[in-house]
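Good morning, everyone, and thank you for making time for this.

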Amino acid sequence: MTTRTIFAASGSRQGLLLTAPAVLVVSGIVAFAFASLVCYSIWTQTYLDMDHTPTTLNYQRFFREPMFLFLLGKSLLIALGASVITVLAAYPVAYYVSFKVQRRKLLWITILTLPFWMSYLLRVFSWKLILGYNGILNTGLGTLGLISAPVEALLHNSFAVVLTLTHSWAPFAVVPIFLSMERIDRSLLQAAADLGDTPLQAFRRVVWPLTLSGVFSAGILIFIPTVGDYVTPQLVGGTSGIMIGNLIFAMFTKLNNWPLGSAIALMSLLAIGLIVFAASRLLGVHKVEVK
Amino acid sequence: MMSGNHHIRIEGVSKAYGSFVALKGIDLSIAKGEFFSLLGPSGCGKTSLLKILGGFEAPSAGDVIIAGTRVNDVPPYRRNTNMVFQSYALFPHLDVYANIGYGLKRRKASEAEKRATIEGLIDLMQLKGLENRNVEKLSGGQKQRVALARALALKPEVLLLDEPLGALDKKLRDEMQKELRAIQQRVGITFVFVTHDQEEAMALSDRVAVLFDGRIAQVDTPRNLYNRPKSVDVAQFIGTINLFDGVLRSATGGRTTVESPDFGTISVAEPAPSTASGRLRMAVRPEQVAIEAAGAAAAPGRIAGEGTVTALSFRGDRSYVELALKTSGAPLSVVVPNVSSSQVRSLDVGTTAGFSFAAEDLLLLE
């Protein structure tokens, strides 16, 4: 096919041709990684060697030992909490920039994504400095005389993990919500007002349903990577803030049990997939057409 | 118009956006049940005025009174006006039925009553069978009718229409014009219609306000706007018109004597326009001019002249003849119906042609 005929092809076909190389590379790599995980999960680690006889023992162990399911459940809850809080915090910010800011919206968005310009590790670590025993918060409150002794409950728990994750992922939530708001034809708000809606009613009946897909994608965007996060829990979570990601990480490193690690990873993947699917059904997002 | 009949009164309304002044002291009154158009080129302020009527913008000065109540500070959701938006502004997440019923949802009426209202409008707008269609999948004409039905569902006192037919193709537009007029007569609501299309304004309206540059140039019936424009601007905006320069000689008892290089001294039964310099403009519509044999004397009550044909254009049912007047060289357009005895057939570019028009058709403008 000559260049000429490629560009003469119909829109969708042309699109397909142009995205094909990227799609092939990405799907190839993903398929390879996924297949490796599946293979490992049905093998057995025997000290330094790998027993390649297919077995479901790793999965059995995952469901038999309560710690695994408990950690997965806890990770899902922490990720869900972080996603919900982040989206709730990001929504008004996106709303303000989209509907109230008249000029230089792009500058606002750039400033909002500023935390992203810094290393993820540093961002997490800075929370350690703020929340720690001799941290900024404790020192500050102590100097003001509001507390007599430093509060230990700030760091090394699930709360610190959720707080840190929320801060880290906030820009990821603002952008999709902001974009879904930008797509709303402003005359729709005038039409709603014209038809008798107060601003609050217009928000509930027009803006909210039209931004639901943005809210949902923001939630997913945060939920998926935070379930398996192991850096934040390790740095600010302590022993009580440990998540499934830490366990998988340990399986692939210190504990040197790749098969069990793979099985846990696949089970996490399955759980995330089911939750995302259920949530999209529940919110009716599949009905909203993405333009 | 009787003063008690004023449904909408706009008194000295001005609107400024920063340093840009969109409206400069507008005074208007619109009668109940009237089809009233705001006509003007883009940027003349007609849409700003409509937005002020709808409550989307507050006037910088002046008052808006609807049905006897000053509504300057009343937000759109508390006004008994409804708007048909230029872009339709249909809610993309709702189907046709829910769009039409959008405003009714909050109203204190039984569900059965609401359903009857919506279904009545679906019948009126010929949208039967499309109730559950996604509004994005409708044609332009259908969207237009949904927008109209949605606005009429609340039985507003005043319906505001912002160039609602602008996005439709010519054929559909003609159809919608007829429908719009018929619907307005059936529902008896006051319509305020914004358009830049003078033909559309004339075809639909009881009265038209012509706006230029934030001011009202003239408010009149379509017939008067065309036949009795009060200024050169209005005359040129509504249809096409021929203009000649003249000098005022005398004006007594409603008769005016004017001298012009092309027509000599002529006397017209029309009061003279106010002119400080004594110079004025004379105007005549192209279709009011007839082609005559060159050198023919003027019949009684008619004004005659001669010119050189500069262009001829055949348009089927009519022909356009462009002349350059003999003395001044001023251009004159003539529209001639193509009847069998038409004088036009003997014309050719470069030949001399005579023409005449009735003295009463000549307008005197400032």
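Let me start with a question: which residue forms a salt bridge with Arg106(B)? Before I answer, please keep in mind that what you are looking at is a predicted model. The partner is Asp197(A), and the closest N and O atoms of the two residues are 2.8 Å apart. Across the interface of chain A and chain B, the rule finds 1 salt bridge.

Staying with that interface, 20 residues of chain A are in contact with 23 residues of chain B. Together the two chains bury about 1900 Å² between them, and 57% of that area is on carbon and sulfur atoms. If you look at what chain A buries against chain B, 39% of the area is supplied by Asp194(A), Leu195(A) and Arg205(A), which is more than any other three residues supply.

Now let us move to helix H4 of chain B, which covers residues 140-152. This helix has 13 residues and reaches 18 Å from its first C-alpha to its last, close to the 18 Å expected at 1.5 Å a residue. Is H4(B) largely enclosed by the rest of the structure, or left open? It is largely enclosed, because 10 of its 13 residues are buried, where buried means under 20% relative accessible area. Among the buried residues are Gly141(B), Gln144(B), Leu148(B) and Leu152(B). What covers them includes helix H9 (187-194) of chain A, and, from chain B, helix H3 (111-124) and helix H5 (170-187).

Next, the sheets of chain B. One of them is an open sheet of 4 strands in the order S2-S1-S4-S5, with antiparallel pairing. Its edge strands are S2 (20-31) and S5 (69-70) of chain B, each of which pairs on one side only. Helix H1 of chain B, residues 46-54, lies across S1, S2 and S4 of chain B, and it runs at about 120° to S1(B).

Notes: Residues numbered from 1 in each chain as written. Chains lettered and ligands numbered in written order. Predicted model: local features only at pLDDT ≥ 70, side-chain atom pairs only at ≥ 80, totals over all residues. Heavy atoms only, no water. Pairing = 2+ DSSP bridges. Helix = DSSP H or I, 4+ residues; strand = E, 2+ residues; numbered from the N terminus. Contact = heavy atoms within 4.5 Å. Axes fitted to C-alpha atoms, helices over the stretch in contact; angles between N-to-C directions. Expected span 1.5 Å × (residues − 1). Buried < 20%, exposed > 50% of the residue type's maximum accessible area, 1.4 Å probe, protein only. Buried area = accessible area lost by both parts, 1.4 Å probe. Salt bridge = Lys/Arg side-chain N within 4 Å of Asp/Glu carboxyl O.
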